[in-house]
Amino acid sequence: METRAGNNFLHAIIKEDLEMGRVSEVVTRFPPEPNGYLHVGHAKSICLNFGLAETFGGRCNLRFDDTNPEKESQEFIDSIQEDVRWLGYEWAEEVRFASRYFQQFYEWAEYLVVQGKAYVCDLNAEQAREHRGTLTEPGRNSPYRERSPEENLDLLRRMKAGEFPDGSRVLRAKIDMASPNMNLRDPILYRIRTAVHHQTGSEWVIYPTYDFAHGQEDAIEGVTHSICTLEFEDHRPLYDWFIEHLPVPSRPRQYEFGRLNLNYTVTSKRKLKQLVDEGVVSGWDDPRMPTIAGMRRRGFTPASVRKFCEMIGVTRSDGVVDVAMLEHAIRDDLNTNAPRAMCVLKPLRLVLTNLPEGHREDLAAAAHPSRPELGERSLPFTRELLIDTEDFREEANKKYKRLVLGKRVRLRSAYVVEAESVEKDEAGNILAVHARVIPDTLGEDPADGVKPKGVIHWVSATEGRQATVRLYDRLFSDPAPDRGDRDFMDCLNPDSLRVVEGAWIEPGLAAAEPEQGFQFEREGYFVADRYDHSPEAPVFNLTIGLRDTWEG
RNA sequence: UGGGGUGUCGCCAAGUGGCAAGGCACCGGGUUUUGAUCCCGGCAUUCGUAGGUUCGAAUCCUACCACCCCAGCCA
């Protein structure tokens with residue numbers, strides 16, 4: 001049985017390759033460079049690669065494309081593995097590293113030299129640029145292009161031996177300096193970099209470029225479908241050139257799809273890194289970051305991220321997905337799965353005058369309105385309660401469905417109350433509202449037939465607990481912070497984080513496990529912070545607010 | 001002015017010669033002890049534009065237009 005969802009052009013290609021016997025098993029790979037945290041765009045690639053392998057019973061490797069030691073680190077290797085696992089995927093066997101194949105790559109480099117298909121070039125970066133030509137003019141051959149295989153082999157070995165300084169020479173493929181495809185104008189295979197590599201230490205001073213490594217990595221691992229983003233399309237002829245001219249063990253094929261763009265969001269490692277480095281956010285996992293770690297801390301669930309990736313599809317056209325789709329994916333998941341609870345963000349005292357001092361009654365409330373199997377929680381109902389300041393007005397028009405002086409409102413999962421008077425200070429600020437409980441309204445309408453106009457949430461002022469609530473909003477106030485004609489830092493939303501220290505939660509909430517998500521009724525979905533939450537000092541992050549169609 | 005791509009509703013996206021799926025968003029209406037959810041209904045005589053082929057075209061042909069990517073010893 002085929003899943004209709006997840007169907008895309010790559011799915012179709014693989015299906016046919018399998019049916020035609022072009023491949024016997026599908027092998028994909030997710031190949032991040034460990035130079036940053038994974039973001040929502042990577043999630044799309046992960047879901048695609050692992051998802052395809054999964055639906056066709058094949059396998060997917062996690063491979064670190066670690067060919068540039070200067071930008072990479074162990075921190076990123078660790079976080080990437082954690083994020084892939086969190087999303088719910090398992091890679092085949094052990095984690096792969098391009099650096100494990102360095103010796104093989106080197107031998108293949110010598111092979112090309114011997115074949116007369118690669119040469120050592122002494123041009124410096126600037127000279128090389130001049131020789132490369134432009135988009136409309138062909139390049140010129142390097143003066144070192146015709147060195148003999150013997151001389152090239154000698155030079156290459158000495159490059160490897162560390163005899164030459166960084167940047168002094170490179171190994172280039174001998175292809176075509178007049179090619180309209182810039183990637184074919186004698187591309188660089190190896191550059192000299194005296195750097196300590198996080199995996200190989202000081203073993204190497206020459207490192208292969210992406211182009212000379214990627215296809216060969218795929219071939220070594222038996223990858224059948226090497227899926228990357230559109231900007232690598234121009235590299236495909238080069239990818240194929242290496243596969244064709246090298247004695248590789250298999251012949252992988254490259255396919256490209258359109259990378260994810262989200263409005264109100266930046267997804268470029270450079271910009272995300274800048275946000276972290278300049279302290280605009282608290283780190284790569286700040287809940288406002290579009291990183292996997294950030295979304296996790298924000299309260300997104302793995303299922304919601306996967307659902308989102310399924311919703312947006314996979315094509316070769318590049319578009320900009322509305323962040324509202326991501327928000328829908330998480331609301332949809334949490335609506336059906338998150339237990340309900342009550343939290344008052346801006347407390348206002350509500351004194352129930354017809355209840356005796358010290359009154360306490362434990363009310364049972366459903367954890368979920370339509371899923372009784374999720375059980376119940378107990379809510380202490382006392383003489384003094386806290387309601388939200390926004391939920392009371394001395395007077396209001398008929399559109400206002402909350403508590404109004406002299407009128408009634410239903411306290412969620414509890415009784416109907418009627419506001420009788422207001423307590424104010426000299427300045428006229430409301431200090432408290434006095435109301436009376438209408439008897440016998442637990443699960444019933446008032447016997448006198450005067451129904452409440454609405455329902456508001458509440459917390460016991462004496463039994464509730466104080467909590468820190470972090471209200472997050474989108475990091476950028478402009479739909480296209482990425483637009484090239486200005487600085488994305490100028491598009492930051494100054495109100496992307498509001499910390500509410502004096503929020504009050506129903507007592508049971510203090511015992512929430514870190515990363516546990518809830519719907520705070522009438523407010524939104526919140527998650528107990530992964531790191532900062534504790535029963536003694538509860539901390540909740542706003543994942544996403546409830547849809548709000550009230551224009552009040 | 002070189003090469004490689006892409007253009008279907010505000011956004012994403014099916015569709016591959018037989019008469020425009022779906023999702024998001026939006027707008028109505030109903031249910032509701034969450035102004036949530038849920039339910040019902042509306043939302044492209046038209047597929048970048050202009051020609052052409054055909055009984056018939058988003059799908060085939062031609063030309064044009066727009067946008068994206070490529071001149072790192074980054075990936």
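Me: Which element gives the largest share of the surface near RNA strand B?
Reply: That would be α12, with four residues. Keep in mind that this is a predicted model.

Me: Okay, and which residues come nearest to the RNA?
Reply: There are 64 residues around RNA strand B, and R193, R340, R412, G443 and Q519 come nearest.

Me: What kinds of residues make up that surface, by nonpolar, polar and charged?
Reply: The surface near RNA strand B divides into 23 nonpolar, 18 polar and 23 charged residues.

Me: Now the RNA side. How much of what lies within 4 Å of the protein is sugar or phosphate?
Reply: Of the RNA strand B atoms within 4 Å of the protein, 65% belong to sugar or phosphate, and the rest belong to bases.

Me: Where is a phosphate oxygen in contact, then?
Reply: Look at R316: an N or O atom in its side chain is 3.2 Å from a phosphate oxygen of RNA strand B.

Me: New topic! How is chain A divided?
Reply: Into domain 1 (9–257), domain 2 (269–340 + 467–544) and domain 3 (343–457).

Me: What separates the centres of domain 1 and domain 3?
Reply: Taken over C-alpha atoms, those centres are 65 Å apart.

Terms used: Residues numbered from 1 in each chain as written. Chains lettered and ligands numbered in written order. Predicted model: local features only at pLDDT ≥ 70, side-chain atom pairs only at ≥ 80, totals over all residues. Heavy atoms only, no water. Near = heavy atom within 4 Å. Polar contact = N/O pair within 3.5 Å; in protein donor to acceptor, adjacent residues only side chain to side chain. Helix = DSSP H or I, 4+ residues; strand = E, 2+ residues; numbered from the N terminus. Nonpolar A, V, L, I, M, F, W, Y, C, P; charged D, E, K, R; others polar. Domains from an automatic or database assignment.
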